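Here is a short report on a protein model.

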Amino acid sequence: MRSPGLVLGEMKRIPLLVALIVLATLPFWVGNSYYIAIATQILIYAILALGLNVLVGYAGLVTLGHAALFGIAAYTGAVLIKDGQGHLIVAVGVGVVTLAVTAIFAVLALRGTGLGFVMITVALGQIVWGIAYRWISLTNGDNGVSINGRPAPFGLSLASPSAFYWACFVVFLITVATMAIFVASPFGAALRATRDQPRRMTALGYNVWLTRFLAFLFSGLWSAVAGLLYLYYNQFVSPQTVALSASAEALLMVIAGGTGTLLGPIAGAALVIIMKDIASAYIERWNFVLGAIFVLIVVFMPEGLVPGCVRFWRRAVMSRDARPQALERKARR
């Protein structure tokens with residue numbers, strides 16, 4: 001008889017493989033372009049949530065200003081495209097500008113811890129929202145900035161919903177692979193240690209502030225990637241993109257799915273986007289339903305949706321394996 005640990009390991013790999021196959025072939029069996037667009041949104045916000053999870057899950061730094069970095073990337077891309085720059089220069093410019101702003105955010109926010117860190121990120125996010133709303137000559141205020149066209153890497157047009165979905169899927173796979181390498185790396189271990197035992201890490205000679213600063217930059221980089229994809233997807237960006245509610249939604253994705261996990265933010269992004277874009281068409285009070293789901297997750301799965309499901313599945317497997325053994329012991333008696 002195989003051990004429960006081996007069975008669980010196989011059960012983790014099989015759903016992941018099935019999920020990848022489903023995602024890779026989705027445009028073939030989903031004929032409706034609307035649902036392809038929904039799947040594209042899920043991938044984009046999953047990238048954002050994975051980046052945010054670096055701070056919330058692995059560094060233990062809860063932020064409510066991450067939509068500002070996401071929106072800055074989108075605004076930078078829109079301004080550069082309107083200025084007539086090529087898509088390669090746009091991508092480089094978005095990365096440079098977003099990382100520069102992320103560094104400023106990190107220097108200011110890391111002056112506080114706990115609630116102080118949260119409030120600083122809220123304030124920084126609101127400053128960015130105010131700039132986006134009031135700097136009309138650059139951001140066009142509440143009317144937003146529109147662009148035309150998407151890039152054509154290697155001569156492949158991304159104009160159709162299916163083509164753009166596959167492009168986002170490739171970036172999504174790169175993001176997940178990068179996150180997996182990051183989590184398994186010595187730096188990832190050091191970052192988790194600064195979350196759990198910051199004083200002990202300082203005593204051991206580690207620079208806790210620098211470790212968190214670099215994690216902030218790494219998180220901001222993926223926010224820039226998600227922001228640029230968001231711009232190309234919508235071909236429009238407005239102050240609503242950098243609003244406090246957008247940061248709260250991103251944080252909800254991470255917490256609901258499971259902080260400090262790879263699959264948790266992805267599941268959380270899927271949950272929020274499905275409720276926001278699909279369930280809202282049938283349920284007028286979809287915000288209430290989403291809130292109720294979140295409360296149920298917190299009550300019954302406080303560790304998050306993915307770790308909670310794994311815990312329940314592990315109990316079911318162990319209970320199934322233990323039942324024949326109990327019957328055998330009873331028969332021997």
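Leu138 sits in helix H6 (residues 136-139). Helices here are DSSP runs of H or I with at least four residues, numbered from the N terminus. Leu138 counts as partly exposed because its relative accessibility is 37%. Buried means under 20% relative accessible area, exposed over 50%, and partly exposed in between (1.4 Å probe, protein chains only).

Leu138 belongs to a nonpolar surface patch with Val79, Ile127, Ile131 and Trp135. Together they have about 430 Å² of accessible area. Nonpolar side chains are joined into a patch within 5 Å, from residues with over 30% relative accessible area and no salt bridge.

## Basis of the model

This is a predicted model: local features need pLDDT of at least 70, side-chain atom pairs need 80 or more, and totals for chains, interfaces and linings use all residues. Residues are numbered from 1 along each chain as its sequence is written, and side-chain values use heavy atoms, without hydrogens or water.

## The nonpolar core

The largest nonpolar core has 82 residues. Ile44, Tyr45, Phe105, Phe216 and Leu231 touch the most other members. Helix H2 (residues 33-59) gives this core its largest share, 19 residues. Core members are buried nonpolar residues joined through side-chain atoms within 4.5 Å.

Leaving out residues up to four places away in sequence, Tyr45 touches Phe70, Tyr230, Met253, Ala269 and Ile273. Contact means heavy atoms within 4.5 Å.

## Thr76 in helix H3

Thr76 lies in helix H3 (residues 66-82). Thr76 counts as buried because its relative accessibility is 13%. Its side chain reaches the backbone oxygen of Ile72 at 2.7 Å. Beyond four places in sequence, Thr76 touches Gly93, Val94 and Val97.

Note on methods
Patch = residues over 30% accessible without salt bridge, like charges linked within 9 Å, V, L, I, M, F, W, Y side chains within 5 Å. Areas by Shrake-Rupley, 256 points an atom, 1.4 Å probe, with all protein chains shown as cover. Salt bridge = Lys/Arg side-chain N within 4 Å of Asp/Glu carboxyl O. Helix = DSSP H or I, 4+ residues; strand = E, 2+ residues; numbered from the N terminus. Polar contact = N/O pair within 3.5 Å; in protein donor to acceptor, adjacent residues only side chain to side chain.
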